[in-house]
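The following questions and answers are intended for reading beside the sequence and the structure.

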Amino acid sequence: MIDYFAVAGLCATHGLEPELFSDDIGLDLPPVQRPYRAYINNHFPDERKWNKPFDAAGVLMLCFPQGLHLRWESESRYIRCHSFVMTKESGAQIYGVTLIYYEKVVDAQILQAMDTLEAMYQQQQ
């Protein structure tokens, strides 16, 4: 049985934001190696009677515990999968499986932000 189906990843509206829950936001790393904030782009259903409202922040922390990472096309982009259990204050449990795969970024705003971050990083080196 499935309680929710969610799609998470970059959000063109918010652009690239550093992942603040990560141990190290990686400002000393090249931009493509830094952790970024993921967003729930869609989920179904909107809520369950026993789980109001949908806990997007909790799901994201379990789906991307180290933040969302980008890869160059030439780098390994293997598909990863892991399971998780989120236990609510009431004791209710939400079981999940995360399937992480990479797709090409085509949003001009995000590509421009990566170019800017890369230029800033290169100037600091």
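**Exposure, pocket and charge pairs**

Q: Is Ala119 buried, partly exposed or exposed in this predicted model?
A: The class follows from the relative accessible area, with buried meaning under 20% and exposed meaning over 50%. Ala119, a residue of helix H2, has a relative accessible area of 40%.

Q: How far apart in space are Ala119 and Pro30, C-alpha to C-alpha?
A: Ala119 belongs to helix H2. Along the sequence, 89 residues separate Ala119 from Pro30. In space, their C-alpha to C-alpha distance is 10.0 Å.

Q: Is Asp115 buried or exposed?
A: Asp115 is also placed in helix H2. Its relative accessible area is 51%, and the limit for the exposed class is over 50%. Asp115 is therefore exposed.

Q: What distance separates the C-alpha atoms of Asp115 and Pro45?
A: Asp115 lies in helix H2, while Pro45 is found in the loop between S2 and H1. The two residues are 70 residues apart along the chain. Their C-alpha atoms are separated by 37 Å.

Q: Is the peptide bond from Phe44 to Pro45 cis or trans?
A: Pro45 sits in the loop between S2 and H1. For the peptide bond that leads from Phe44 to Pro45, omega is near -5°. The bond is cis.

Q: Which elements do the buried residues of H1 pack against?
A: Helix H1 spans residues 56–63, and its buried residues are Gly58, Val59, Leu60 and Cys63. These buried residues pack against four strands, namely S1 (5–9), S2 (39–44), S3 (80–87) and S4.

Q: Which element gives the largest share of the lining of the largest pocket?
A: The largest pocket holds about 1,400 Å³ of space. Of the 48 residues that line it, Ala8, Gly9, Phe64, Leu68 and Tyr101 are the closest to its centre. Two or more lining residues come from each of S1, S2, H1, S3, S4 and H2. The largest share, seven residues, is given by S4.

Q: Which nonpolar surface patch includes Tyr101, and what is its area?
A: Tyr101 is placed in the loop between strand S4 (93–100) and helix H2 (108–124). At 48% relative accessibility, Tyr101 is partly exposed, and patch residues need over 30%. Tyr101 forms the patch together with Ile79 and Leu99, and its area is about 350 Å².

Q: How close are the nearest N and O atoms in the salt bridge of Glu17 with Arg37?
A: Side chains of opposite charge can pair when their charged atoms come close. Glu17 and Arg37 both lie in the loop between S1 and S2, 20 residues apart. Glu17 is partly exposed at 24% relative accessibility, and Arg37 is partly exposed at 38%. The closest N and O atoms of this salt bridge are 3.5 Å apart.

Technical notes: Residues are numbered from 1 along each chain as its sequence is written. This is a predicted model: local features need pLDDT of at least 70, side-chain atom pairs count only at pLDDT 80 or more; totals for chains, interfaces and linings use all residues. Side-chain values use heavy atoms; hydrogens and water are left out. Patches are made of residues with over 30% relative accessible area and no salt bridge: like charges are joined within 9 Å, nonpolar side chains (Val, Leu, Ile, Met, Phe, Trp, Tyr) within 5 Å. Accessible areas come from the Shrake-Rupley method with a 1.4 Å probe; for residues, only the protein chains shown count as cover. A salt bridge is a side-chain nitrogen of Lys or Arg within 4 Å of a carboxyl oxygen of Asp or Glu. Buried means under 20% relative accessible area, exposed over 50%, partly exposed in between (1.4 Å probe, protein chains only). Contact means heavy atoms within 4.5 Å. On a 1 Å grid over the protein atoms alone, a cavity is a set of points where a 1.4 Å probe fits but cannot get out, and a pocket is an open set with protein on both sides within 12 Å along at least five of seven lines; lining residues have an atom within 4 Å of a point. Grid points are joined across faces, edges and corners, and a volume is the space filled by probe spheres set on the points.
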